Amino acid sequence: MRAVGIIGTGQSAFTKSRSDVNYPELVREGAELALADAGVTMADVGAVVFPLAPDALIGVGNGERWCVEALGAQGKPFMRVNTGGATGLTAVVAGYVHVASGLFDVVLVAGADRVSESRSAQSVLNKMWDVAYERPFPLNTITMLALAAQRYNAKYGADERDLARVTVKNRRHAALNPHAHLRTPITEDEVLATRMISWPLKLADLCPSSTGAGAVVLASEEFARRSGRPVAWIRGAGQSSETFWMGDRVGPAALGDHADADALGEAMARSYRRAGLTKPREQLDVAELYAPFSSVELHAIEAAGLCPKGESFRRMADGEFALGAGGPVVNPSGGTLCTNPIAVTGLVRAAEVALQVTGRAGARQVPGASVGVATAIGGDHQFYASMVLANHLEEIA
Amino acid sequence: MSTDSIAVIGIHHTPYQKAVETQSLEEMVFAAARGALADAGLTIHDIDAVVLSTTDQVEGRVIESMVVNGAAGGVGRDVTTIASSGEHAFAYAYLSLLAGQADHVLVAVWSKESEGLNPAHADWLGAEPFLLRRLGLTSVAAAGLQASAYAARYGLDEAAVHSLRDVRAAAATTAGAMVETDATGRLVAWPLTDLDLPRGCDMACAAVLTTAGRVTPGQNPAWIRGIGWATGCYDLSGRDLTGFGSLAAAARMALGTEVLATDIDVLEIQEISTIGAFGAAEAVGLAPPGGGAGAALSAAVNPSGGNLFADPGNASGFLRILQAVQQVRGAAGPVQVHPRPRTALAAAVHGFAGQGAAVVSLTADQAEAA
């Protein structure tokens, strides 16, 4: 198959809200950063993929169409992806597919979100569920994942302090990332002292509602090598999905165990197979795992194969997965827990891994990183995407 | 990149109905997916990737593909939702196969606008909030502006408009592709009346695509000769509304320089209005600017009746592709063109006055496939 690489990334400084730009202008901001980083212009871009999750979060139906002029995409092939929280990474996968198909040499994936400006993101997200039963339950992404956290803790013996350690690690990382939204370090006791939102998740266990833009430029091997830019090669991509119904994830007839992230594991396994990656704990240097809440990171680490099921919180207590520790570093950017502009959160995961494996991640750089994985999760933990990136096209050792 | 050609080996759509009240959306999509698999002689176990397309706002569900994913067979599979239009989902399935990301892809696209309390209001929310929403821009208003621009430049051929209505109605009746309406000829967006605009309907559609190496004896493939898609300015003042620039760009990408639209046996073209049909025929290359009326009325265009009398929203363009597929497969039933067409083209548009478009070129002959 044709080799494809990321040759440029762009991220705005994520924040609570932006009153200085409208939505298309915000999208343009991220695109311009990525194009400049890649050393290309829109004249070089053959097609555009636009990540945008629920239309209601920006308040415009098919809001991607509003952004065509801001991107300079008139006359070009242009399509939008929406797999909820997985949208950003699914869009990068779609961009990869565009180039790998042989029809395009350079593809721009660019989008933005302004989640806090929707007034009530959780009210919007409640509308994901069926009208008759699960919507009035009431489920939203917090109550849904609180159920998963309860199950994880009960099954494996973790507790609220174990969840707090995830936040502490990621805030410490985010403090090193100029793009991150929540950059203030926090202690375990401070996390535990924040108000309970949905047991066992407290305010500091939850991601913020972020506003900002992100973009990446993907190119064929020939174009990427000619560009002379640092290239993060896409070595494998995989996706999977699971049941929509929460009721099918609990109880004796459950299709899966809500404690675990088996469908994420399947998506990752597909990307590993395509990348020829067989021993993730030894072969991965960095993992940007989509985890909007502290509890999610624990089972995502296990799904990634970085430790056995039920072990991640114990290893995290021992200091693993953090910058400066041995072994793969998880979410050196601070992750989704510190920055969640829903439509581009998954894209940022891929962009961060691209920066890591090309040695351009600044203060949050994992020393010597050459192979990494990015993931994203969407819907009611239903859609999963995974992408392995490396700074070479040789066999992954 | 796969060196294989790509074929459509199975399709299905639910009946044309104004409002489906006896099936849930999930049941409709399940029926479409199961029908397409049966048409291909496959089961869901043969499918390794699923591409869905939806627009959230019409049926009032956020990330609507979530509820439908299981019905389309997506659980445990590589699933991508393309939210910009149904025809883009078809293009993405094609790209996935070319890229070697899948061997068999199932595409499911639907619209059940009857579940929406006010589809026109949802459509209006596609206008940005600062200016166009305050001006009341909707798809109907945009179609009116397109038609008025066309009429102002080339004149309003009312006889051709009436003929187009009659020709499409006759074909739609034969195809069973006509839903009831309360339209009376009331002017809604000059020069368009409610008889000149597509009638919404509920429908779920599905298709199965694969590579040449996996087409088996007994399957009846329609081969993809080329696909193109393009977008244009959102701001209507940034476009020449007399034509459909994105459709023309998509046609150029799909057909290249060697294939002429006028040489294609059958064309299924999505029409935003009766007058819009003329500009669309011109954009795909059937006639010069201003000369589209004759081309739109030719027997080669929309033997299915097109979308004016039954339009399943986000699935409307995708349905045009399925109709073109059926023609080259010789499986178009009562609207089958004889002799069986060797080539077909499907043209789809989306957004206000056709901001975006996609074109699929098909052939019955594998040797002609891309």
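Q: How much area do chain B and chain A bury between them?
A: This is a predicted model. Carbon and sulfur atoms hold 60% of the area buried between chain B and chain A. The total comes to about 4300 Å².

Q: Which residues of chain B lose the most area to chain A?
A: Three residues together make up 16% of what the chain B side buries. They are B:Val62, B:Met66 and B:Gln101.

Q: Which element gives the most to the side of chain B that touches chain A?
A: Elements that give two or more residues include helix H2 (56-59), helix H3 (65-69) and helix H4 (86-98) of chain B. The top contribution is 7 residues. It comes from H4(B).

Q: Which element supplies the largest share of the lining of the largest cavity?
A: The largest cavity holds about 80 Å³ of space. Its lining includes A:Val93, A:Val97 and B:Gln101. Among the lining residues are also B:Ala49, B:Val50 and B:Val51. The largest share, 3 residues, comes from E2(B).

Q: How many polar residues are in the lining of the second largest cavity?
A: This cavity has a volume of about 60 Å³. A:Glu64, A:Arg65 and B:His88 are among its lining residues. By class, the lining has 2 nonpolar and 2 charged residues. The polar count is 6.

Key. Residues numbered from 1 in each chain as written. Chains lettered and ligands numbered in written order. Predicted model: local features only at pLDDT ≥ 70, side-chain atom pairs only at ≥ 80, totals over all residues. Heavy atoms only, no water. Buried area = accessible area lost by both parts, 1.4 Å probe. Helix = DSSP H or I, 4+ residues; strand = E, 2+ residues; numbered from the N terminus. 1 Å grid on protein atoms, 1.4 Å probe; cavity = no way out; pocket = protein on both sides within 12 Å on 5 of 7 lines; lining within 4 Å. Points joined across faces, edges and corners; volume = space filled by probe spheres on them. Nonpolar A, V, L, I, M, F, W, Y, C, P; charged D, E, K, R; others polar.
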